[in-house]
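Subject: Structure for your review

Dear colleague,

Please find below the structure that I am handing over to you. My notes on it follow.

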Amino acid sequence: MWLVNLLGLGLVALIAWWFWGQRAPETAISKEEAVTIKVAGGVYTPSVIHARVGQPLTLNFIREDQAPCAEVVIFEGLDLSLDLPLNETVSQRITPPETGTYPFACQMQMYRGQLIVT
């Protein structure tokens, strides 16, 4: 009985680490007018994007992950939400209105990233 409980706790810890564990984020500094963000393996790559205030930027999302959570990306503070069909590129041109950090995530907050505007 104790072995079953121990295995169950190990499985719970593995699941928590997979979805919420610390991963080194890949960063994109937007010197270009466009950044391509791959949605696969439970993460956005890159998950941190640096941009300049007032400079237009095109975000190109390519969703390769079949998980239902990956279907939508929501940007806090920008009033922006995008549907991401599987294996298609979805482009959105934005002009960051002010400096700050704008988190983006799926609707369940399992996929997370941030747009840092300076």
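**Findings**

L7 is exposed, with a relative accessible area of 59%; here exposed means over 50% relative accessible area, buried under 20%, and partly exposed in between (1.4 Å probe, protein chains only). Please note that this is a predicted model, in which local features need pLDDT of at least 70 and side-chain atom pairs count only at pLDDT 80 or more, while totals for chains, interfaces and linings use all residues. Residues are numbered from 1 along each chain as its sequence is written, and side-chain values use heavy atoms, with hydrogens and water left out.

L7 belongs to helix 1 (residues 2-20). Together with W2, L3 and L6, L7 forms a nonpolar patch on the surface, with about 500 Å² of accessible area in total. Patches consist of residues with over 30% relative accessible area and no salt bridge; like charges are joined within 9 Å, and nonpolar side chains (Val, Leu, Ile, Met, Phe, Trp, Tyr) within 5 Å. Accessible areas come from the Shrake-Rupley method with a 1.4 Å probe, and for residues only the protein chains shown count as cover.

As to the overall architecture, the protein has one helix and ten strands, in the order α-β-β-β-β-β-β-β-β-β-β along the sequence. Helices (H or I, at least four residues) and strands (E, at least two) are DSSP runs, numbered from the N terminus. Of the 118 residues, 35% are buried. The accessible surface of the protein comes to about 7400 Å², and 58% of this belongs to carbon and sulfur atoms.

In soluble globular proteins, nonpolar side chains tend to be buried together. The largest nonpolar core in this model has 26 residues, and those with the most contacts inside it are Y44, L59, F61 and L115. Such a core is a set of buried Ala, Val, Leu, Ile, Met, Phe, Trp, Tyr and Cys residues joined through side-chain atoms within 4.5 Å. Strand 2 (34-40), strand 4 (48-51), strand 5, strand 6, strand 7 (80-83), strand 8 (89-94), strand 9 and strand 10 each supply at least two residues of this core. Leaving aside neighbours within four places in sequence, Y44 is in contact (heavy atoms within 4.5 Å) with residues including F61, V72, F104 and C106.

C106 also takes part in the one disulfide of the structure, which joins it to C69 with an S to S distance of 2.4 Å; the criterion is a pair of cysteine sulfur atoms within 2.5 Å. The pair links distant parts of the chain, 37 residues apart: C69 is in the loop between strand 5 (57-63) and strand 6 (72-75), and C106 in the loop between strand 9 (100-105) and strand 10 (112-117). The link is right-handed, with 55° about the S-S bond. C69 is buried at 6% relative accessible area, and C106 is buried at 0%.

There are two salt bridges, each defined as a side-chain nitrogen of Lys or Arg within 4 Å of a carboxyl oxygen of Asp or Glu. One is formed by R93 and E33 (3.8 Å, N to O). R93 lies in strand 8 and E33 in the loop between strand 1 (27-29) and strand 2, so the pair ties together parts that are 60 residues apart in sequence. R93 is partly exposed, at 44%, whereas E33 is exposed, at 53%. Another salt bridge pairs E64 with K38, the closest N and O atoms being 3.7 Å apart. E64 is in the loop between strand 5 and strand 6, and K38 is in strand 2, 26 residues apart.

Yours sincerely
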